[in-house]
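Me: I'm new to reading protein structures. Could you walk me through a few features, one at a time?

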Amino acid sequence: MYKILVVDDEPKIREVIREYAEFSGFEVTEAEDGMSAVGLCKLNDYNLIVMDIMMPKLDGFSACKEIKKFKDIPTIMLSARGEEYDKLFGFELGIDDYVVKPFSPKELIARINAVLSRRKGSAVPTQQTLKFGGLEINIAARTVTVDGKKVELTPKEYDLLFYLVENKNIALSRDKLLSDIWGYDFFGDDRTIDTHIKNLRNNLGPYRDYIVTLRGVGYKFEYEG
């Protein structure tokens, strides 16, 4: 049974999400603010977090950032605001989806299932380590080392790198990258991919050229070793 943490300072919203989630077979834990959510995540494991942005003590963005420091848990953010800046900031933090209030509980459950399905579909053997010369990717630990030195990637940068590596030597369009990594209904554009690729290359240092730009198409991870 999947375990979901629902974080919102409005009891009625938590109650509605719990009702629909439990009916769909999920086990639900509630938290009323970001601080409580961080504490719960340190003590327990969850398959997914549904978290509001505007909350007392610690807002959703800050809580998400703290949680990402020690656990990679898929996250869907809730917000009464639908500004593009909020969405972009959330995705830069590594969230998996963004839902604007008021929302349909049935749609939220569908999005939860979609995120869990994407994560499950990208599962790989836990002990697998991929090596490309001096570039090593530890799948289980979600870590990347360059010539023996660990580099820090955001969750989405890691997802992007692994997706490119998983499809090594295959041309991938920007649209496909957005759809498969950010989700079918992600509102962003090519700049999102290009920005993440730029940051990823900077982190890979001497191995930056493994990520090849295909003009007018997208990118591919090229390695013939």
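Me: Let's start with a single residue. Is Lys57 buried or exposed?

Reply: Quick heads-up before we start: this is a predicted model. To place a residue, look at its relative accessible area, where anything over 50% counts as exposed. Lys57 has a value of 68%, so Lys57 is exposed.

Me: Okay, and which residue does the side chain of Lys57 meet in a salt bridge?

Reply: Here's the general idea: side chains of opposite charge can pair when their charged atoms come close. In this case the partner is Asp33, with 4.0 Å from N to O. The two sit in distant parts of the chain, 24 residues apart: Asp33 is in the loop between β2 and α2, and Lys57 is in the loop between β3 and α3. Asp33 is buried, though, with a relative accessible area of 3%.

Me: How many salt bridges does the structure hold?

Reply: There are 15. One of them joins the side chains of Arg18 and Glu30, at 2.6 Å from N to O. That pair also links distant parts of the chain, with Arg18 in helix α1 and Glu30 in strand β2, twelve residues apart. Arg18 counts as partly exposed at 25% relative accessibility, and Glu30 is partly exposed too, at 29%.

Me: What about Arg111 and Glu107: in which helix do they lie?

Reply: Both are in helix α5, four residues apart, which is about one turn of the helix. Arg111 is buried at 12%, while Glu107 is partly exposed at 39%. Elsewhere, salt bridges that share partners tie Asp8, Glu10, Asp52 and Lys101 into one network.

Me: Where is Asp8, then?

Reply: Look in the loop between β1 and α1. Asp8 is buried, with a relative accessible area of 0%. A polar contact of 2.9 Å joins its side chain to that of Lys101. Leaving aside neighbours within four places in sequence, the residues in contact with Asp8 include Ile13, Ala31, Met55 and Leu78.

Me: Last one: which residues of helix α3 are buried?

Reply: In α3 they are Gly60, Phe61, Ala63, Cys64, Ile67 and Lys68. They cover an arc of only 165° around the axis, so they lie on the same side of α3. At the N-terminal end, Asp59 caps the helix, with a side-chain oxygen 3.0 Å from the backbone nitrogen of Phe61.

Technical notes:
Residues numbered from 1 in each chain as written. Predicted model: local features only at pLDDT ≥ 70, side-chain atom pairs only at ≥ 80, totals over all residues. Heavy atoms only, no water. Buried < 20%, exposed > 50% of the residue type's maximum accessible area, 1.4 Å probe, protein only. Polar contact = N/O pair within 3.5 Å; in protein donor to acceptor, adjacent residues only side chain to side chain. Contact = heavy atoms within 4.5 Å. Arc of directions from axis to C-beta.
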